[in-house]
Amino acid sequence: MHKRPPYSGPHRKLVIAIDVGTTFSGVSYSILDPEFVPEINGVTRFPGQIHGALKIPTVLYYDTDGVAQAIGAEAVQDSIDEIAEENGWKKASWFKLHLRPKLDDEEDVKNALDPLPPGVAIVDMFADILRYLYRCTKEYIEQTHASGDLVWSSLEKETHFVLTHPNGWGGFEQAQMRRAAINAGLIDDHHASEGRLSFATEGEASLNYCISSELSKDAFKDGKGVIIVDAGGGTVDISAYARTSEKNTYEEIAVPRCYLKGSVFVTYNAHRYLIEHLRDSSFSGENDINAMMKEFDERAKLTFRKSDEPLSIRFGGYRDTDPSKGIRAGQLKLQGSDVASFYSPSVRSILLSVMNMKATAKRPVQTVLLVGGFSSSDYLFTQVKEGLHAFGISVFRPDGHLNKVVADGAVSFYIDHHVDKRIARYTYGNPCSYIYNPADPEHSKRSSQKYTSPSNKQYIRGAFDVILAKGTQVSETTEFRRSYWFTGMHPDGMCRIKNEIYCYYGTIQNPRWMDVDKESYSKLGVIEADTTRLSRLLPRQVRGKKKNRTVFYEMHYDLVLSFGLTELKAEIAWQENGKEVRGPASIVYDSVYSSERRES
């Protein structure tokens, strides 16, 4: 195992990492004692589930009032369908994907997802399962540790939470998850508890697990990079890392990717195939197809190995027969080539992404580590391994509990802090105005966007100020500053600033004008800050004389942004008596970020 140093914090602390997955969810934790080496433990006891289980099904049932009535293993027990039907409950599964950014959306994704139960928002559903997993963690610690009640009561207010999410999620999704954590009672409120909640991408959590378990010990030798493919229930998250010159420190070496090609879409493809295949048979009813899909999802999907071998799905009794559909004695036989087609989109996404990542990585890459619950599929592993072998890439599937990778890795993310440099996934910037230059042809053709400020200067709208370019490697301590100013007629109207921040997803290396490739811009949100203190320092300025005299004020400030963490952070800075003063800035994320787009 990775040799972890003793915890150096000033007092005892509890770290809880919660992995809400598309199909299964789990919790890991660590009690940090000063001068003792931290150990990572998993919660293995949940209501309605055999002791020792590492995860619960991410399934909930809601009543007609929008109140959760069954969660986890209790929501998949044999009698639940009858109870739900009698009481009018609605089932919710795969709901996590409703929070996804619509940057890489496809029609199949929309069709695969059931609508949310009436009157229940996605934040409410996240809050319900977070609350449930938190309660299970509390009970587990109280019942498992010596003097567990005292341990919990002493650490409950000293708990740091780590929530995991796919590589493709950003500020808007994190803001929704933070709200869910507040609603669930994990933390108090946004401002008071900012320091008690962190977010870790599933890709980075997987790396931390591999390092802590020494599963990647040999892969990072000689300065080479390693690609980690976390194949989960809903998403396939692909990341690339390399070890730095500093001990136990790693850097991201390529733009991380996220694809909606997890195992649930193999299930969806199979379901769609069966509906069409059995359309004109006596087995086209919902009950028969559901029975087939249950068997496929729980057993056949993971045991399928070769495209030239048929796959049998048992669903009925001896009398259930239809040779024309491949059904004999309650068993459906599918051609291996048809089954292989269910996996093809996932396999293709992994192969293409790995090859692209290898070509763009800042270090040579020769190794892929395949982790996550979906990686236990022998067919997926074989196809990825064979597909990359010809390009000199070796693929390994680490042994162990592959479905606890993310939760354990998220605790390690907080304790070990292995990654200190990350790659920008998009180009970030904001709309701005340039001082109008009639000699510049780019300005001349946009003369309709020209305007005059209160200071009598001419500007042209529609420009884009790049703050951070896609693919830039950023350390956690790197700050990005941009200087801005605006003019107003009175300081009282200048007590709050708002700066929009956009993402650019296109291929232009240095985008300057937002009317060029305009479909590739999407609003991320608005950076807001209280500038009351600064507004009181503004000198009165005068333009013109007598009747044409205009009084105005001009405010100059810097936005200071930190992109090197897993969350975007912002501050505002200005000069006061020759010294820099900083104040807090908040980022209000815009749901427009989740508008229909396709990631390049």
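Let me begin with the criterion: rings of Phe, Tyr and Trp, the last taken by its six-membered ring, form a pair if their centres lie within 6.5 Å. Planes under 30 degrees apart count as stacked, over 60 as edge-to-face, and the rest as tilted. By this rule the count comes to 23 aromatic pairs. Please bear in mind throughout that this is a predicted model.

How are the rings of Tyr-61 and Trp-89 arranged? Their centres are 6.5 Å apart and their planes stand at 50°, so this pair is classed as tilted.

The next example is the pair of Phe-296 and Phe-342, which is edge-to-face, with 6.1 Å from centre to centre and 80° between the planes. This pair, too, links distant parts of the chain: Phe-296 sits in helix α8 (residues 286–303) and Phe-342 in helix α9 (residues 336–360), 46 residues apart. Both Phe-296 and Phe-342 are buried.

Ring pairs can also join into a group. Tyr-426, Tyr-428, Phe-480, Tyr-505 and Phe-563 are linked in this way into a cluster.

I turn now to charges over rings. The charged end of Lys-96 sits over the ring of Trp-169, at 5.8 Å from the ring centre. For Arg-397, the charged end sits over the ring of Phe-381, and the distance to the centre is 4.3 Å.

Finally, the chain as a whole. Its secondary structure comprises 13 helices and 31 strands. For 600 residues, a compact globule would have a radius of gyration near 25 Å, and the 27 Å of the chain agrees with that. The C-alpha trace spans about 100 × 60 × 60 Å along its principal axes. Of the 600 residues, 54% count as buried. Among contacts between residues at least 6 apart in sequence, 69% join residues at least 24 apart. The chain exposes about 27,800 Å², of which carbon and sulfur atoms supply 47%.

Thank you for your attention.

Terms used: Residues numbered from 1 in each chain as written. Predicted model: local features only at pLDDT ≥ 70, side-chain atom pairs only at ≥ 80, totals over all residues. Heavy atoms only, no water. Helix = DSSP H or I, 4+ residues; strand = E, 2+ residues; numbered from the N terminus. Buried < 20%, exposed > 50% of the residue type's maximum accessible area, 1.4 Å probe, protein only. Lys NZ or Arg CZ within 6 Å of the ring centre and 35° of its normal. Rg over C-alpha atoms; globule rule 2.2 N^0.38 Å. Contact = heavy atoms within 4.5 Å. Areas by Shrake-Rupley, 256 points an atom, 1.4 Å probe, with all protein chains shown as cover.
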